[in-house]
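Visitor: Please show me the structure. I have some questions about it.

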Amino acid sequence: MLKSRYIKILKWVGYPLFALVCLLISLLWTFPVEQMTGLINKQLGQQHHLHMDAEELETSLPLGFTAIDVRLDSTDDKPNDFLPLIIPRLSVKAGLFSLIAGTPAIDLSAEIFGGRVEGSFKVNQDEQVYVSALEIENLLFEQIPYFKNKYKDLPIKGTFSLNSDITLNLKKLEQSKGFAEMKVANGSTGPGKFGMELPLVRTGNLDARFEIDKGRIDVKTFQQSSPDMESDMRGSITLSKKLGYSRANLDYRFKLTDELLKKDDIFKLALSTLNNAKGSDGFYYHTLRGTLNNLKPVPNKAAEYKFTKGKRRTSPSRANTAKPDQDKKSPAGKALDRKRPTKPPKPKVDRNRRTPPKRGRSRTPGRTRTRSPKPVLDKQDEPEDDEELDEQEEEEFEEELEEEEEEEEESDEIPSPDDASEEGATDDAAEEEE
């Protein structure tokens, strides 16, 4: 019973597998290579105005091809510094199940520019998520078409390497993450001509590391050093859904050695135009702000403090100019222990002291004077002549004057804003005189 059951299972599983293998073998034998090359050229010509030629084109399982001596050139008459592009060997493979799932994944391998490139790419169009892992080893600058076409009379040499693993989410940029490490070894420029004769400049080695987190690219390391110059960079780039509109906030500095300055006066002349960029340590500082589509360096020597761990330099005007062996009783020594002069306290006001009435002075604004009610006189207490009436009015007048004097004394004790400003001015004048 068990053997018969196993035989039935093998039949149901084996027949589909056998059919799939036969299909793949038939595709390899009968794959229309020439028709596929024509289809690729048609798409490249319509979308990018490019044309591709290959000496050999072979298919590979399950979905892929390998091309030998690939040449990519432009179909327009307009000059393009990046073309022609020659790839001695190119291999591309696509995942069958990933294509069925709607998330195409492609593996790439190429021998190009004297080095090697290997990578994998995965795309999710619905979520707009792009995953890439790329490894580049020892590409030669002198074989890259851009440098050969742009600087025809100026040799640029060196090797370039890159290792990156990046996940880019264009819908939710804060979920993007990854890193990229870049290295340049044995770099040099010249001797040659680029508008003028230039001597040999050794750019040396560069080590850089960038990290992507929370929608931002941070420069973790950027160090370049050589016998002729040194430079480094700090800052970050805020990502945008359109990568060209990502905003940069970078600070860069460089310094040329005395050996290079002695080679040619052209370097001294160039540095003389960057006085606004020269810091106190001999470096020349530049700031890069704006979008990546329109990014230009601006001289900015104020960026020096960002490279000195935030420690600001003390200006000479604020520095202590007194000598260590100077007597503390000297004027310079007194300036160190200078204290703000204190104003003597006001004398206390005796409220019981009677003062003669001050006529012609106005009452304190905002305060109302309360008049004491007049006593109600009975008919029997009513004064009989005019002299008694005058004495009573005089007493009431004196009481009113006493109340006004008390109000004026209380208002004099509270300093007004004008008095406070005058006191501050007198204190500053006293400091200047000392």
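Visitor: Which strand holds Asp-69?
Guide: This is a predicted model, where local features need pLDDT of at least 70, side-chain atom pairs count only at pLDDT 80 or more, and totals for chains, interfaces and linings use all residues. Residues are numbered from 1 along each chain as its sequence is written, and side-chain values use heavy atoms, with hydrogens and water left out. Strands are DSSP runs of E, at least two residues, numbered from the N terminus. Asp-69 lies in strand E2 (residues 63–74).

Visitor: Is Asp-69 buried, partly exposed or exposed?
Guide: Buried means under 20% relative accessible area, exposed over 50%, and partly exposed in between (1.4 Å probe, protein chains only). Asp-69 has 41% relative accessibility, so the residue counts as partly exposed.

Visitor: Which strand gives the largest share of the negative patch?
Guide: Patch residues have over 30% relative accessible area and no salt bridge, with like charges joined within 9 Å. A salt bridge is a side-chain nitrogen of Lys or Arg within 4 Å of a carboxyl oxygen of Asp or Glu. Here Asp-53, Glu-55, Glu-56, Glu-58 and Asp-69 gather on the surface. The largest share, 4 residues, comes from strand E1 (residues 50–60).

Visitor: How many bridges join E11 to E12?
Guide: Two strands pair if DSSP finds at least two bridges between them. E11 (residues 201–213) and E12 (residues 216–225) run antiparallel. Asp-207 stands opposite Gln-223 in E12. The number of bridges is 9.

Visitor: What stands opposite Asp-218 in E13?
Guide: E12 and E13 (residues 229–238) pair in the antiparallel sense over 6 bridges. A hairpin joins E12 to E13 through 3 residues. Opposite Asp-218 stands Ser-236.

Terms used:
Patch = residues over 30% accessible without salt bridge, like charges linked within 9 Å, V, L, I, M, F, W, Y side chains within 5 Å. Areas by Shrake-Rupley, 256 points an atom, 1.4 Å probe, with all protein chains shown as cover. Lys, Arg positive; Asp, Glu negative; His and termini not counted. Charge placed at Lys NZ, Arg CZ, Asp CG, Glu CD.
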